Amino acid sequence: MLIREFEGGRCLLARLDHGAEIIGQITSLIRENYIRAGHLNVIGALDQAEIGYYDQLSHSYHGIQINEPVELASCSGNISLLAGQPYAHVHAVLSGMKGTVWAGHLTSGRIFAAELYVQELAGPDLIRSLDTVTGLNLWREE
């Protein structure tokens, strides 16, 4: 188990741009503010989205394209460094017009309206690199 201790840093609130790609907007914000570790939450809605799930046997992501308006029923993630750059790892639960629910790794989405909260964590760098057991980029020891 890898455990790191952090202190609370800056808190940022942002209204994301209508029509923009959500992961791109989040990534731009954390990179422009050079947030190296943190937690994020998003509320709002998307015009369309893609959710990914990870196949543990093949070590590959598979996408589910959602081509209808969805509510961000829950959207959270964490921020760390990947290849030396701030990286947002985001999961979401999306609800559709007819009560359909999708959940998983939020790969992309076009913003209808969204508000982002970022809590920076101050402390040691939190670095992701390839874990050969899982095939995922996981936090590693320094």
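Analyst: The dialogue below treats the helix, the strands, the nonpolar core and the charged pairs. Please bear in mind that this is a predicted model.

User: Which residues of helix H1 are buried?

Analyst: The general idea concerns the helical repeat. An α-helix has 3.6 residues a turn, so residues three or four places apart point the same way. Here, helix H1 spans residues 22-32, and its buried residues are Ile 22, Ile 23, Ile 26, Thr 27, Leu 29 and Ile 30. Viewed down the axis of H1, these buried residues fall within an arc of 165°, so they line one face of the helix.

User: What covers the buried residues of H1?

Analyst: The cover includes strands S1 (7-16), S2 (38-55), S4 (70-82), S5 (85-95) and S6 (101-122).

User: What is found at the N-terminal end of H1, and which residue just after H1 takes a positive phi?

Analyst: Glu 21 caps the N-terminal end, with a side-chain oxygen 3.1 Å from the backbone nitrogen of Ile 23. Just after H1, Tyr 34 has a positive phi of about 40°.

User: How many bridges join S2 to S6, and in which sense do the strands run?

Analyst: S2 and S6 are antiparallel and are joined by 14 bridges; within this pairing, Ala 45 has Ala 113 in S6 as its bridge partner. S6 also pairs with S1 in the antiparallel sense, over 8 bridges, and Arg 15 has Glu 115 in S6 as its bridge partner. A further antiparallel pairing, over 5 bridges, is that of S5 with S6, where Ser 95 is partnered by Val 101. S5 and S6 form a hairpin with 5 residues between them, and Gly 99 in the turn has a positive phi of about 85°.

User: Which residues of the largest nonpolar core touch the most other members?

Analyst: In soluble globular proteins, nonpolar side chains tend to be buried together. In this model the largest nonpolar core has 30 residues, of which Ile 22, Leu 94 and Leu 106 touch the most other members. S1, H1, S2, S4, S5 and S6 are the elements that give two or more residues to this core, and the largest share, 6 residues, comes from S6. Beyond residues up to four places away in sequence, Leu 106 touches a set of residues including Ile 22, Ile 23, Leu 46, Ile 51, Val 90 and Ala 92.

User: Is Ile 66 buried or exposed, and what is it in contact with?

Analyst: Ile 66 lies in strand S3 (residues 60-66) and counts as buried, at 2% relative accessibility. Leaving aside neighbours within four places in sequence, Ile 66 is in contact with Gln 48, Ala 49, Ile 51, Leu 94 and Trp 102.

User: How many salt bridges does the structure hold, and which parts of the chain does the pair of Glu 120 and Arg 10 link?

Analyst: Side chains of opposite charge can pair when their charged atoms come close. The structure holds 3 salt bridges. Glu 120 pairs with Arg 10, the closest N and O atoms being 2.9 Å apart; this pair links distant parts of the chain, with Glu 120 in strand S6 and Arg 10 in strand S1, 110 residues apart. Glu 120 counts as buried at 13% relative accessibility, whereas Arg 10 is partly exposed at 35%.

User: Where do the salt bridges of Arg 36 and Asp 47 lie?

Analyst: Arg 36 forms a salt bridge with Asp 125, with 2.3 Å between the closest N and O atoms. Arg 36 is in the loop between H1 and S2, and Asp 125 is in the loop between S6 and strand S7 (127-130), 89 residues apart. The side chains of Asp 47 and Arg 110 meet in a salt bridge of 3.4 Å, N to O. Asp 47 lies in strand S2 and Arg 110 in strand S6, so the pair ties together parts that are 63 residues apart in sequence. Asp 47 is partly exposed at 23% relative accessibility, and Arg 110 is partly exposed at 36%.

User: Which polar contacts does Gln 119 make?

Analyst: Gln 119 lies in strand S6 and is buried, with a relative accessible area of 18%. Its side chain reaches the backbone oxygen of Gly 9 at 3.4 Å, and a polar contact of 3.1 Å joins the side chains of Gln 119 and Tyr 117.

Conventions:
Residues are numbered from 1 along each chain as its sequence is written. This is a predicted model: local features need pLDDT of at least 70, side-chain atom pairs count only at pLDDT 80 or more; totals for chains, interfaces and linings use all residues. Side-chain values use heavy atoms; hydrogens and water are left out. Buried means under 20% relative accessible area, exposed over 50%, partly exposed in between (1.4 Å probe, protein chains only). Helices (H or I, at least four residues) and strands (E, at least two) are DSSP runs, numbered from the N terminus. The arc is that of the directions from the helix axis to the C-beta atoms. Contact means heavy atoms within 4.5 Å. A polar contact is a pair of N or O atoms within 3.5 Å; within protein, one must be able to donate a hydrogen and the other to accept it, and residues adjacent in sequence count only if both atoms are side-chain atoms. A salt bridge is a side-chain nitrogen of Lys or Arg within 4 Å of a carboxyl oxygen of Asp or Glu. A nonpolar core is a set of buried Ala, Val, Leu, Ile, Met, Phe, Trp, Tyr and Cys residues joined through side-chain atoms within 4.5 Å. Two strands pair if DSSP finds at least two bridges between them.
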